[in-house]
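Grab a pencil and work through a few exercises on the structure below. Try each task yourself before you read its solution.

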Amino acid sequence: MNTDNYIKARKTQLRFYRDVELYARGSDKGFVLYKRAGIAFSEIRLNGGVHPDILYIRREDRLKGLQEAQKGFNSELATYIKLENPKKITETVNNIVSETLTEPRSGSLEGVSDTVGFLVSDYVKESDVIENLLNLSYTDYSVVLHSINVMAFALGFAFHMNYSKEQARELGLCALLHDVGKTKINPNILAAPRRLTDQEFEEIKSHPVIGFTLLKECKFASKNIGLAALEHHEKTDGSGYPQGKSRISEHAKIIGLIDCYEALTTDDRPYREAMVPFETLNEIIGNEVNAGKFDQDIYIEFIKSLGSGAMHPTFGVDKINSQATHQIDNMR
């Protein structure tokens, strides 16, 4: 028996495996069938640990297992939305995205489409779920949490702009998957507790193209999802990367600005402290807008989406009135 054909099953996915067979190590160091296809673990068996500590699946079943897990997590998400349980919704979204980014390719990335679809329901729009998603970053920070945070801000923007559910779902997917290319970057570079060398930064700068390559193989109906991944670091004055172009898709303009805001205002970055939201909007992003790097209209509407009464008409794009400042600071 070729042991290379078997890989460890993720414990977080065990309860969702129904059509995936599970194997245990045999006494001869081979593998023996532990659970056949067509049945699932009982909660008693899972919660009581009444199974081998390490189980295996066939390598060829890895994608099928992830798809079953996504379906199971999304089913739980729908239940928690109906029960109006923001804490469980937050935990479940984190689980879905974490599991998906372990195997970011066609067949797995499409699974988060249903996730975002649930998150644009009327309940989520009117609840504190978005705030709970953003609060994840207070206890941990990673590509996963950054992606969830950007999605949360993007959905807030979509609701503010009165997007249809389908439009909001598309923008949310763009946000959630914009950094999927980073899953192929050396994790030591991503977590480096210092400023990167020029060579390391060049590797980081490859993630938009990697993400676009991954997403163009997926069966998403819209090309905007791949374009947002490719163009979210481009600037409207042509000074961005990877292609240095100034004609950028609308979704990429939105995600690019939100991505910058979230990265600057989130705690626990390895080499610097988070900035105050007002200072970020006014001094950093506002200056970028004035320099022609970000879209002015999107900037104004994003500020409005963070709190009502956003702009004072006599101040221009780099000033926010005291009411908006108070509201934005209170989000932290």
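What follows is a set of tasks, each with a worked solution.

This is a predicted model, in which local features need pLDDT of at least 70, side-chain atom pairs count only at pLDDT 80 or more, and totals for chains, interfaces and linings use all residues. Residues are numbered from 1 along each chain as its sequence is written, and side-chain values use heavy atoms, with hydrogens and water left out.

**Exercise 1: the whole chain**

Task: Find how many helices and strands the protein chain has, and what share of its residues is buried.

Solution. Start with secondary structure: the protein chain holds 16 helices and 4 strands. Both are DSSP runs numbered from the N terminus, with helices being H or I of at least four residues and strands E of at least two. Next, burial: of the 332 residues in the protein chain, 50% are buried. Here buried is under 20% relative accessible area, exposed is over 50%, and partly exposed is in between (1.4 Å probe, protein chains only). Last, take the contacts (heavy atoms within 4.5 Å). Among those with a separation of 6 or more, 63% come from residues 24 or more positions apart.

**Exercise 2: two histidines in loops**

Task: Work out where His-232 is found, where His-178 is found, and which side chains they make polar contacts with.

Solution. First place them. His-232 is in the loop between α12 (224–231) and α13 (250–265), while His-178 is in the loop between α8 (165–177) and α9 (187–190). Now check accessibility: His-232 is buried because its relative accessibility is 2%, and His-178, at 0%, is buried as well.

Then go for polar contacts, meaning pairs of N or O atoms within 3.5 Å; within protein, one must be able to donate a hydrogen and the other to accept it, and residues adjacent in sequence count only if both atoms are side-chain atoms. The side chain of His-232 pairs with that of Asp-179 at 3.2 Å. A polar atom of the His-232 side chain also sits 2.9 Å from the backbone oxygen of Ala-229. As for His-178, its side chain makes a polar contact of 3.2 Å with the side chain of Asp-259.

Leaving out neighbours within four places in sequence, His-232 touches residues including His-178, His-207, Ile-255 and Asp-259. With the corresponding residues up to four places away left out, His-178 has among its contacts His-146, Ala-229, His-232, Ile-255 and Asp-259.

**Exercise 3: a helix crossing**

Task: At what angle do α7 and α15 pack, and which residues meet?

Solution. Helix α7 covers residues 143–160 and helix α15 covers residues 296–306; their axes are 9 Å apart, at an angle of about 95 degrees. That makes the two helices, α7 and α15, roughly perpendicular. On the α7 side, Phe-153, Gly-156, Phe-157 and His-160 take part, and they meet Ile-298, Glu-301, Phe-302, Lys-304, Ser-305 and Leu-306 of α15. Sorted by class, the contact has 5 nonpolar, 3 polar and 2 charged residues.

Stay on α7 for one more residue, Met-151. Met-151 is buried because its relative accessibility is 0%. Among its contacts beyond four places in sequence are Val-93, Leu-119, Leu-133 and Leu-176. Axes are lines fitted to C-alpha atoms, for helices over the stretch in contact, and angles run from 0 to 180 degrees between N-to-C directions. Angles under 35 degrees count as roughly parallel, over 145 as roughly antiparallel, 65 to 115 as roughly perpendicular and the rest as oblique. Nonpolar covers Ala, Val, Leu, Ile, Met, Phe, Trp, Tyr, Cys and Pro, charged covers Asp, Glu, Lys and Arg, and polar covers the others, Gly among them.
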